[in-house]
Amino acid sequence: MHRIRCLAALFAAVTLTVTGCAGAGELTGGGSDSVTIAIVSNSQMQDAISLAPQFERENPGIKLKFTSLSENEARAKITASVATGGGEFDVVMISNYETPQWAANGWLTDLDPYMAATPGYDKADFIPSLQKSLSYQGNMYSVPFYGESSFLMYRKDLFAKAGITMPDHPTWQQVESWAAKLNTPDLAGICLRGDPGWGEALAPLTTMINTFGGRWYDENWNAQLTSPADTRAVQFYVDLVRKYGEPGAATAGFGECATQFSQGHAAMWYDATSAVGVTEDPQSSKVVGEVGYAPAPVEQTANSGWLYTWSLGIPKTSHKTDAAWKFVSWMTSKQYIRSVGQQLGWTHVPPGSRLSTYDIPEYKKISAAYGPVTLSSMAAADPDHPTVQPVPYTGVQFLAIPEFQDLGTRVSQQISAAIAGQISVPAALAQSQQYAEVVGKTYRKDS
């Protein structure tokens, strides 16, 4: 019964998000012996596509065929394909949200035997928290391309000019005071995501709910989105971004905040640790060398950083598993990381996947400001205990249940409307509570 409900939830989420996505992306390569890869069109993934001809030269019997999609499109198209057994893809880019659930459903190939049979691949080199988050019953069913937690980025020059000293562990109350002090008509005090999406606005907001003492559900699956703690956290987030945030915050996601901050239009930005690929890129960022990095701000918890990874898995429907693994192992290897640094620049290195990355002298030097914070934040993230009070789910910035794709998106739409000033926070949470109660009730029936 539970498995049927999980499938229904996945199909419902796909139905809501996949419309208009068919045919999106661009295909490269091809041929009857091709390995077809669905990949997210983030900058690090585009780097992998640019280096793919090297893989083909080293493996002349394999041609690579990429479908490159935006994040929301990728989630919809990949979920639709894997959940229905469509078989379009030999390799899929997924995350620690999908991997354990899909492995439990029998949709993914167990990669442990392949790792063990690949000389020098070194599974033990993956950051331990990522290994655990991509595992089911002790074995890994996808392998990390890059991993991230979240942290606070801030302009050291502006802080120094204003006489502000960043503490080792900032609080959200301090962040609010700094944003108020630094905010001007030409400079946002802080950039925060407001764009609807369970992986957009809800990612930073849920970490704030966690550390403010809130939670999505109590231990009996009773929805808690209208509780005093949740209301206080969401009101704080909405007020912060409305008073001191970026222009058009209700439609600003990771990409928009990356542009705002890297072009010098924001004093602070709370987001993914992988953002250093933008902030520290001298070809696109105007604030290189002026950015400081601090742990995710807290309120009642010791830490509040999230844990996320874009990883590569092989669907059970693939008939080219060996060739698919050759590509997967290439793109997630130690050598690939070194190749990226040597050929494209060390700021292009996919961060947060392997411990050995942080021992490479060139990368260690260039990441001195953010590397240690990234590793400590990822180590501190605890998906099993993300909140102050007990919860029946795992996950820091998401709930590891199949219904969250739909639930999170619906709730995020309400929050975005509140950021836009279209509805009040209590009204947004009242509607969100109704959505959450529907999901919670199905879990109470199973328990």
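Which residues form one aromatic cluster? They are Phe 55, Phe 66, Phe 145, Tyr 146, Phe 327, Trp 330 and Tyr 336. The close-ups below come from a predicted model, in which local features need pLDDT of at least 70, side-chain atom pairs count only at pLDDT 80 or more, and totals for chains, interfaces and linings use all residues. Residues are numbered from 1 along each chain as its sequence is written, and side-chain values use heavy atoms, with hydrogens and water left out.

**View 1. Trp 172 meets Phe 236.** Rings of Phe, Tyr and Trp (its six-membered ring) pair if their centres lie within 6.5 Å; planes under 30 degrees apart are stacked, over 60 edge-to-face, and the rest tilted. By this rule there are 32 aromatic pairs. In one of them, Trp 172 and Phe 236 have ring centres 6.5 Å apart and planes at 70°, so the pair is edge-to-face. It joins distant parts of the chain, 64 residues apart: Trp 172 belongs to helix α8 (residues 172-182) and Phe 236 to helix α10 (residues 228-244). Helices (H or I, at least four residues) and strands (E, at least two) are DSSP runs, numbered from the N terminus. Trp 172 is buried at 0% relative accessibility, and Phe 236 is buried at 11%; buried means under 20% relative accessible area, exposed over 50%, partly exposed in between (1.4 Å probe, protein chains only).

View 2. Phe 261 is buried at 0% relative accessibility, and Trp 269 is buried with a relative accessible area of 0%.

**View 3. Arginines over rings.** The charged end of Arg 354 sits over the ring of Phe 126, 4.2 Å from its centre, while that of Arg 410 sits over the ring of Tyr 435, 5.6 Å from its centre. The rule asks for NZ of Lys or CZ of Arg within 6 Å of the ring centre and within 35 degrees of the ring normal.

**View 4. The largest pocket.** Its volume is about 550 Å³. A pocket is an open set of points on a 1 Å grid over the protein atoms alone where a 1.4 Å probe fits, with protein on both sides within 12 Å along at least five of seven lines; lining residues have an atom within 4 Å of a point. Of the 30 lining residues, Asn 42, Glu 71, Arg 193, Glu 200 and Phe 254 are closest to the centre.

Key: Grid points are joined across faces, edges and corners, and a volume is the space filled by probe spheres set on the points.
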